[in-house]
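The entries follow in the order I worked.

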Amino acid sequence: MSALEVKGLRKSFGPVDVLHGIDIEITDGEFVALVGPSGCGKSTLLRTIAGLETVTGGAILIGGRKVNDVAPKNRDIAMVFQSYALYPHMTVAENMSFSLRLKRLPKAEIDGRLRRAAEILGLTELLQRLPKQLSGGQRQRVAMGRAIVRDPVVFLFDEPLSNLDAKLRVQMRAEIKELHQRLRTTTVYVTHDQVEAMTLADRIVVMHSGHIEQLGTPLELYDRPQTIFVAGFIGSPSMNLMDGTLRRAGGGSELMLPSGPVIGLPHLSVDADGVEVTFGIRPEHLSVSREGVPATVNIVEPTGAETLVNCRIGEQSVSVVVRDRQPINSGDTINLKFEGATVHLFDRTTGQRIG
């Protein structure tokens, strides 16, 4: 195992700059997820760490050793791709041990590593099967097994679960987390699924347009997003974001929306009056009550344990998570209560968090 450092990393494809001075320090044994929308640079960053892309500037260090000019095979890393990339004519055992046989390791060592990886991943009974005889989840386990037998200092995962159905994704997510807890190998995991990142990672790097928007633990990003982008990206359903004017009102505050409605925030006391802000509150921090801000219900989406209600305050669309069984229907008018302790304020010009 080993620490991984990325210092001032830049990557350009011709005149197009893709990564703009990325700085990340990943400690030995840490699990870090890279998340962001398509085109944000997360897969490019992973490929530069793997050595599959050359860097334009900056440095990549693995275990304190600069590896910018080191060939991928000599970086002591193992990568699991989105596509399983298994040889169709080879058995599971042959696929998993292929890299070891290329290195001409002793047969006893190859068999020992293969047996250990197969036991960890539950593949012992499948070693003689061909890839076409396996399910999607089993093929993904083989791809992970091929990485494990190499005993690398860093694991790199590039959206490994995106080809699986929803139920299998949840199962494989748990297996990857258990695998990391057992091996404690430094891991970098790329995904566009922020729920996947939240459940797996020790820390998350949120990327946007080749920059790091925020780096922190899952709960740090969820509870205190530092930018409007992170606030809207982390969380499912996403945070409600509303532009308005913040004013003092008694011992608290109120938010005036451009379309006219005023949202009272008696529990929110800030040193601001007449400031243009972007106001954020998560759907689960809103509640339906007898008194509050009137809202017109557009869509009701029951999911079983909770119901997602999409409604409108003036011209502003707002989502609410309702956990009790309330008779709410499209077209109804409900009252929403805003909890001041759970709101977020952002500067509309810079997009940065206020307070």
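This is a predicted model: local features need pLDDT of at least 70, side-chain atom pairs count only at pLDDT 80 or more; totals for chains, interfaces and linings use all residues.

**Entry 1: the cavity.** How many cavities of 30 Å³ or more does the structure hold? I found 1. I noted a volume of about 40 Å³ for the largest cavity.

Next I listed its lining. Phe31, Phe155, Phe157, Ile176, Leu179, His180, Leu183 and Thr187 line the largest cavity. Two elements, β7 (154-158) and α5, each give two or more residues to that lining. Which element gives the largest share? I wrote down α5, with 4 residues.

**Entry 2: α4 against α5.** I turned to the helices. I described each pair by the angle and the distance between the axes, as is done for two packed helices. Helix α4 covers residues 136-148 and helix α5 covers residues 166-183. I read their axes as coming within 11 Å and crossing at roughly 20 degrees. Angles under 35 degrees count as roughly parallel, so α4 and α5 are roughly parallel to each other. The crossing of α4 past α5 is right-handed.

Which residues make the contact? From α4 I listed Gly136, Gly137, Gln140, Arg141, Met144 and Ile148. From α5 I listed Leu168, Gln171, Met172, Glu175, Ile176, Leu179 and Leu183. The contact of α4 with α5 has 7 nonpolar, 4 polar and 2 charged residues. I checked back to the cavity: Ile176, Leu179 and Leu183 are among its lining residues.

**Entry 3: α3 against α4.** I then took helix α3, residues 107-121. Helix α3 and α4 pack at an angle of about 140 degrees, with the axes 9 Å apart. Roughly antiparallel needs an angle over 145 degrees, and α3 and α4 are therefore oblique to each other. I noted a right-handed crossing for α3 past α4.

Arg116, Ala117 and Leu121 of α3 make the contact with Arg141, Met144, Gly145 and Ile148 of α4. I sorted the residues of this contact into 4 nonpolar, 1 polar and 2 charged.

**Entry 4: the largest pocket.** I moved to the open spaces. The largest pocket has a volume of about 400 Å³. I counted 16 lining residues, with Met79, Phe81, Ser99, Arg146 and Arg150 the closest to the centre. Elements giving two or more residues to this lining are β6 (77-80), α2 (92-102) and α4. I recorded 12 nonpolar, 1 polar and 3 charged residues for the lining of the largest pocket.

**Entry 5: the second largest pocket.** What is the volume of the second largest pocket? I noted about 170 Å³. Its lining has 13 residues, and Leu268, Val270, Leu345, Ile354 and Gly355 lie nearest the centre. Strands β14 (275-281) and β20 (343-347) each supply at least two of the lining residues. I marked β20 as giving the most, with 3 residues. The classes came out as 9 nonpolar, 2 polar and 2 charged.

Technical notes: Residues are numbered from 1 along each chain as its sequence is written. Side-chain values use heavy atoms; hydrogens and water are left out. Axes are lines fitted to C-alpha atoms, for helices over the stretch in contact, and angles run from 0 to 180 degrees between N-to-C directions. Angles under 35 degrees count as roughly parallel, over 145 as roughly antiparallel, 65 to 115 as roughly perpendicular and the rest as oblique. A crossing is left-handed if the near helix is turned anticlockwise from the far one by less than a right angle, and right-handed if clockwise. Contact means heavy atoms within 4.5 Å. Ala, Val, Leu, Ile, Met, Phe, Trp, Tyr, Cys and Pro count as nonpolar, Asp, Glu, Lys and Arg as charged, and the others, Gly among them, as polar. On a 1 Å grid over the protein atoms alone, a cavity is a set of points where a 1.4 Å probe fits but cannot get out, and a pocket is an open set with protein on both sides within 12 Å along at least five of seven lines; lining residues have an atom within 4 Å of a point. Grid points are joined across faces, edges and corners, and a volume is the space filled by probe spheres set on the points.
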